[in-house]
Amino acid sequence: MATVIITHMTTHITVDTMITNEPTSAISDLALLGLMQLISPALPIGAFAWSQGLESAFELGWVTTEQELCQWLEGVLNDGLTRCELPVLARLQNCWANQDSQGLVYWNEWIHANRESAELSDEDIRLGLALTRLLTSLDIQPKPEQGDAALPDEPGYVTVFAWTAHTRNVPVRQSLLGFSWAWLENQLAVACKAMPLGHTAAQRLNEQLRPKLVSAVDTALALADEDLGPIMPGLALGSAQHETQYSRLFRS
């Protein structure tokens, strides 16, 4: 079986390529249901309260039509999730599988360092803490006394998502697909509330962008550490503007 070398700090860690070659049939029924629960809009962590700069894109006139929204979302997917959350999610899930506490701390801090506005940073931390509280109430939080790696200080949402997927035996590729699907669903929900976008139009965008999610996961799994990092100045500016936007539906 092939291996992948993940480099962080000065440590080289060889991990089994559970991240690339898992057939869909390898997902157990419970793992699939666990992933569906994790990405459900009904999960009580408050993800619906954040727009990730999209509300400002509407307010500023950057996104005014269905086609412009499609282009915006595809850009965020290609230059953001594909180069940031998705490849780091794969690395974090492998860190959990290998009880690599140093790797968890490194990639958790890497994600925090790549949040380009106070709003984006606050969202990541608050969702991570909310998901941690939920897991604790369900008694499925990491238990270092039983051999699990410990959660880093201020665990971000991606870090806690990776733990949940790991403990439910969700293959890494499907974790990335689920994460990207949840992001798309949330962004379309934002558009339905704030653009406004009709629900039929939202389903048209779902149809157009679903294949893009698969391509994004393929790309994310192939990226080396030195290729990571979001390139989204427009979203960063929109998110920063949103923090002082006079009238808004979503949190800053």
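This is a guided tour of one predicted protein model, stop by stop, with something to select at each stop.

**Before you start**

Residues are numbered from 1 along each chain as its sequence is written, and side-chain values use heavy atoms, with hydrogens and water left out. Because the model is predicted, local features need pLDDT of at least 70 and side-chain atom pairs count only at pLDDT 80 or more, while totals for chains, interfaces and linings use all residues.

**Stop 1: the whole chain**

Show everything as a cartoon.

Now colour by burial. Of the 252 residues, 52% are buried (buried is under 20% relative accessible area, exposed is over 50%, partly exposed lies in between, with a 1.4 Å probe and protein chains only). Contacts are also worth a look (heavy atoms within 4.5 Å): among those with a separation of 6 or more, 79% join residues 24 or more positions apart.

**Stop 2: the nonpolar core and L69**

Next, select L69, L131, L176 and L197. In the largest nonpolar core, which has 69 residues, these four touch the most other members. Here a nonpolar core is a set of buried Ala, Val, Leu, Ile, Met, Phe, Trp, Tyr and Cys residues joined through side-chain atoms within 4.5 Å. Helix α8 (residues 172-194) gives this core its largest share, 10 residues. As a rule, in soluble globular proteins, nonpolar side chains tend to be buried together.

Zoom in on L69. Which residues is L69 in contact with, leaving aside neighbours within four places in sequence? They are L54, F58, V63, L188, A191, M195, L197 and L205.

**Stop 3: α3 beside α9**

Axes are lines fitted to C-alpha atoms, for helices over the stretch in contact, and angles run from 0 to 180 degrees between N-to-C directions. The crossing of α3 and α9 is right-handed: right-handed means the near helix is turned clockwise from the far one by less than a right angle, left-handed anticlockwise.

To see the contact, select E66, L69, C70, L73, E74 and L77 on α3, and A201, R204, L205, Q208, L209, K212, L213 and A216 on α9. By class, these residues are nine nonpolar, one polar and four charged. Ala, Val, Leu, Ile, Met, Phe, Trp, Tyr, Cys and Pro count as nonpolar, Asp, Glu, Lys and Arg as charged, and the others, Gly among them, as polar.

**Stop 4: helix α7**

Select helix α7 (residues 157-167). Is α7 mostly covered or mostly uncovered? Mostly covered: nine of its 11 residues are buried. Those buried residues are Y157, V158, T159, V160, F161, A162, W163, T164 and A165. They pack against α1 (29-39), α4, α5 (101-113), α6 and α8. Just after α7, look for N169, which takes a positive phi of about 60°.

The axes of α1 and α7 are 9 Å apart, at an angle of about 160°, which means α1 is roughly antiparallel to α7. Their crossing is right-handed. L35, L38 and I39 of α1 meet F161, T164 and A165 of α7. This contact has five nonpolar, one polar and no charged residues.

**Stop 5**

Select G128 in helix α6 (residues 118-137). G128 is buried, at 0% relative accessibility. Beyond its neighbours within four places, G128 is in contact with P155, G156, Y157 and V160.

Hop to E85, in helix α4 (residues 85-97). Is E85 buried or exposed? Buried, at 11% relative accessibility. Not counting residues up to four places away, E85 touches G80, I111, R115, V158 and F179.

Finish at G229, in the loop between α9 and α10 (233-242). G229 is buried too, with a relative accessible area of 10%. Apart from neighbours within four places, G229 is in contact with D79, R83, W110 and N114.

Notes
Helices (H or I, at least four residues) and strands (E, at least two) are DSSP runs, numbered from the N terminus. Angles under 35 degrees count as roughly parallel, over 145 as roughly antiparallel, 65 to 115 as roughly perpendicular and the rest as oblique.
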